[in-house]
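Here is a quick tour of a protein model, written for someone who likes cut-offs spelled out. Have the viewer open while you read.

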Amino acid sequence: MEKVRFSPSLMCMDLTRFKEQVDILNERADFYHVDIMDGHFVKNITLSPFFVEQLNKISKLPIDVHLMTEFPGDYIDVLGKVGAAYISPHAETINKDAFRIINKIKNVGCKVGVVLNPATPVEWIKYYIHLVDKITVMTVDPGFAGQPFIPEMLEKIKELKTLKEENGYSYIIEIDGSCNEKTFRKLVKAGGEVFIVGSSGLFNLDNSLTDAWDKMIEIFNRETSE
């Protein structure tokens, strides 16, 4: 099995312990996942470019910004300036000008991600799939933490894994939504490579984030061992 990587979803962290928790995660995680929601594409408002700027001051890890916004192009320039490593808009918001958006992300020095909602097929990104560095499969409908896993997404993950292997694509297959004890085994088997861990997968496992991380790794190893 290839090494799986973990990306904590910082909308689920305890913001009253921001620096303490980032210091802990800096030594353990592989990426930081930052959700920016505009209250329109999804009915929630979460983090912001200002949050990315503050995180970048103490982060040792690549910052992946997930744009759940109606107009992702409005955020690209500022995210390039404040330290984003990946900018990941939704296919549902960029398909009217996807190549322009992809070029804009690359021009500010960031890697290109694209996110697929559960009901959005892989077919939607077929003409630019070779240009992206990361594809995020939403395994819950977007907008809120703590939602139930949508099992139909396992087939989508398998489809992306097959396309990657058959065509020599280099994108990372990332999973967003309900990555936890109940789903780790199925997600690894389907081809997931990066798991975004939030409330159920990490932060709610223990009041101590150090202990919560150790518990998550123990659960993951137990659930995915042959």
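## Strand 7 and its partners

Ile-135 has Ile-173 in strand 7 as its bridge partner. That bridge belongs to the pairing of strand 6 (residues 134-138) with strand 7, a parallel arrangement over five bridges. Two strands are said to pair if DSSP finds at least two bridges between them. Helices (H or I, at least four residues) and strands (E, at least two) are DSSP runs, numbered from the N terminus. This is a predicted model, where local features need pLDDT of at least 70, side-chain atom pairs count only at pLDDT 80 or more, and totals for chains, interfaces and linings use all residues. Residues are numbered from 1 along each chain as its sequence is written, and side-chain values use heavy atoms, with hydrogens and water left out.

Strand 7 also pairs with strand 8 (residues 194-197), again in the parallel sense, over three bridges. Here Asp-176 sits opposite Ile-196. Strand 8 in turn is joined to strand 1 (residues 5-8) by four bridges, and those two run parallel. In that pairing, Phe-6 stands opposite Phe-195.

## Covered on both sides

In a regular strand, side chains alternate between the two faces of the sheet. For strand 7, Ile-172, Glu-174 and Asp-176 point one way while Ile-173 and Ile-175 point the other, and all are buried. Buried means under 20% relative accessible area, exposed over 50% and partly exposed in between (1.4 Å probe, protein chains only). The tally for strand 7 is therefore five buried residues out of five. Strand 8 is covered on both faces too: Val-194 and Ile-196 are buried on one side, Phe-195 and Val-197 on the other.

## Zooming in on Ile-175

Buried or exposed: what is Ile-175? It is buried, with a relative accessible area of 0%. Ile-175 lies in strand 7, which spans residues 172-176. Setting aside neighbours within four places in sequence, Ile-175 is in contact (heavy atoms within 4.5 Å) with Val-137, Thr-139, Ile-157, Leu-187, Gly-192, Val-194, Phe-195 and Ile-196. Val-82, by comparison, is 93 residues from Ile-175 along the chain, and their C-alpha atoms are separated by 25 Å.

Ser-178 has a positive phi of about 60°, although it is not a glycine. Its relative accessibility is 19%, so Ser-178 counts as buried. Thr-183 counts as buried as well, at 2%. Apart from neighbours within four places in sequence, Thr-183 is in contact with Phe-149 and Ser-178.

## Helix 1 and helix 9

Helix 1 (residues 18-26) has Phe-18, Gln-21, Val-22, Ile-24, Leu-25 and Asn-26 buried. An α-helix has 3.6 residues a turn, so residues three or four places apart point the same way. What covers the buried residues of helix 1 includes strand 1, strand 2 (32-37), helix 2 (49-56), helix 8 (199-203) and helix 9 (209-224).

Helix 9 is where you'll find Thr-210, which counts as partly exposed at 25% relative accessibility. Not counting residues up to four places away in sequence, Thr-210 touches Ile-24 and Arg-28. Thr-210 and Arg-28 are 182 residues apart in sequence, with 9.1 Å between their C-alpha atoms.

## The whole chain

Zooming out, the protein has nine helices and eight strands. Its radius of gyration is 16 Å, close to the 17 Å that the globule rule gives for 226 residues, so the protein is as compact as a globular protein of that length. (That radius is taken over C-alpha atoms, and the rule is 2.2 Å times the number of residues to the power 0.38.) Along the principal axes, the C-alpha atoms fill a box of roughly 45 × 40 × 30 Å.

Of the 226 residues, 54% are buried. Among contacts with a separation of 6 or more, 63% come from residues 24 or more positions apart. The accessible surface (Shrake-Rupley method, 1.4 Å probe; for residues, only the protein chains shown count as cover) comes to about 10400 Å², with 50% of it belonging to carbon and sulfur atoms.
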